[in-house]
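Okay, quick one today. Have a look at the screen while I talk you through two bits of this one.

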Amino acid sequence: MAILSVESLRKDYRYVRRRPGLSGLFDRDIRTVKAVTGISFEIAERERVAIIGPNGAGKSTTLKMLSGILEPTDGAAAVLGFVPWKQRRQLAYRIGVVFGQRTQLWTELPARDSFALLRRIYDVDQATFDRRLNQLVERFGLGPILDQPVQRLSLGQRMRCEIVASLLHGPSLLFLDEPTIGLDITAKAAIRDFIREHAGAEGQTVVLTSHDTRDIELVCDRVIVINEGRIVVDQPTDQLRRQFLGHRLVTLRSAAPEIALDLPGVTRRTSEPHLSVFEVDTRATRVDAVVEAALAKGGIEDITIEDPPMEEVVRAIYDANRAR
Amino acid sequence: MIPTYAANIAIAIRTSLMDRTNFVLNSAGMVLNDIFFLILWYMFFAGFRQVGGWGLHDVARLLGIIMLVVAISGVFFGGYRDMAATILRGEIDALLTQPKSILPRLLARESIATAWGDGVMGIWMLITFAGLSWTDTPAVLLTLVCGTTIYVASAIAYASMAFWFTGARSFARDLTDFMLLFSSYPGSIYSGMTKVIAYSLLPAGFIVLTPVAFLRNPSAGTFTIIATSTLLYVSLAAALFHAGLIRYRRGLVPTG
């Protein structure tokens, strides 16, 4: 059963550009930016869906409309039976929202104090709050940091606190906007594990936006790709992974001017003296096998393993889609 | 709503007190600033007994009231000070995903440490120099409630301009500072255009001048002016803020 449905949702931003000088006071140029240009989709209960796309694609705007922050220019949406922009307050009790680049915690105080305030904001009774907080603290391993000022925590610890803060009122739908942005690999892994395990155990629906293809692969079972405000692809992650997500970039800095690797699924992308970049299709060869083969050549000074940039993945999806 | 506001502002006050040294320095600095201001007025009245009908008691009442208005506003509604910047940074997004009203949450975001210094000085001023007796307490409390309400409401109205103009970050602060400046001098110095401004855009007239007149000579007429102006400024601030919020949620970007 769909708990979230969107039909022909559209959002334009309007702003006024004043001309320079005194004439600008009277001569105004109204510009319109089409952020979302008519998207439609449904999300079922317990689904974990990633909305991805390059910068300015309309992901965050979509999330803001679905969480009740923004009113659309046109179109319809129902989230848990509510029209988000008309029934914002009723909906707020049922959803949890995390903005990766914003905080809802008081950074000078321990997270425990912010959690206590959120209990009042969401009208949660003390017994339910205590039970939920204990569960989340245990599941997320927050015990040792709960009484430290948030500003002294690492980014990863802070993000774990942010997610706990969004779950204390027991929402059935979680909106996560770039939840792993700026985190190191270990912290990202911890956040992904937590989202996947917690959502699975509690039967929560998750809608996530991210720039990181690993967030999508490891957390979500469905991907909606948005580009220039339109849905380009809407399909299961497995399907997308087979086509587009199973690639890694391995960059080798070497003493020798060039490193040659002859492995299946490994292609040279760019190279300049002492620096080689290989694209690895992990379905054909694992990344560790590539690293092993490179080290066997000797003289390797540095190795970097990265996911292809989201812009590239989206472009590939977009091109493949147009070719059909 | 009130328990949530109380819990929210309690956290803000705790945050403002976290750095004890900073708190003591800020509060002490404000006390020194106020003492300096008081000495100037004291020296003035040593030479001139009155200024346009205002004596030392009247000026002490004016200063005591405005110091306490600034103190109460700063300690309990301190979010007014950076509200324009908060709006422009898009920080109300997080509040919009929560079920409580936005405006009280914005006001309770901050408590200003220096305001405690103003509070101490305001009380000292009213007790020591204002020539008031304990029977004046209800009238003083009434003027403080109304004065604080108008002061905060005006600051909200200025900050709400951030929904329309990016420049509101600085001019909201400037207008609040000017409102405070206008509220720090006897009403008799205002005439013509400055008087119009003191009873409209920078409502010192309703924050302190009319309240001082009320303390000097309590009457139903003056009380009605104070109560009506309070209601008007609250309504204006609420209307402006909500009009701005509607604009924000419709995605109308403020201009430069």
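I'll start with the interface and finish with a pair of helices.

Ground rules: this is a predicted model, so local features need pLDDT of at least 70, side-chain atom pairs count only at pLDDT 80 or more, and totals for chains, interfaces and linings use all residues. Residues are numbered from 1 along each chain as its sequence is written, chains are lettered from A in the order in which they are written, and side-chain values use heavy atoms, leaving out hydrogens and water.

So, the interface. Counting heavy atoms within 4.5 Å as contact, 34 residues of chain A touch 33 residues of chain B. Together the chains bury about 3,000 Å², 56% of it on carbon and sulfur atoms; that's accessible area (1.4 Å probe) lost on putting the two parts together, summed over both. Arg88(A), Trp106(A) and Ile121(A) supply 21% of what chain A buries there, more than any other three residues.

The rule also finds five salt bridges across the interface, meaning a Lys or Arg side-chain nitrogen within 4 Å of an Asp or Glu carboxyl oxygen. Arg250(B) and Glu71(A) form a salt bridge at 3.6 Å, N to O.

Now the helices, which are DSSP runs of H or I, at least four residues. In chain B, α2(B) (20-47) packs against α7(B) (115-128) at about 40°, axes 7 Å apart, with axes fitted to C-alpha atoms over the stretch in contact and angles running from 0 to 180 degrees between N-to-C directions. Among the residues in that contact are Phe23(B) and Met30(B) from α2(B), and Trp116(B) and Trp124(B) from α7(B).

Note on methods. Helices (H or I, at least four residues) and strands (E, at least two) are DSSP runs, numbered from the N terminus.
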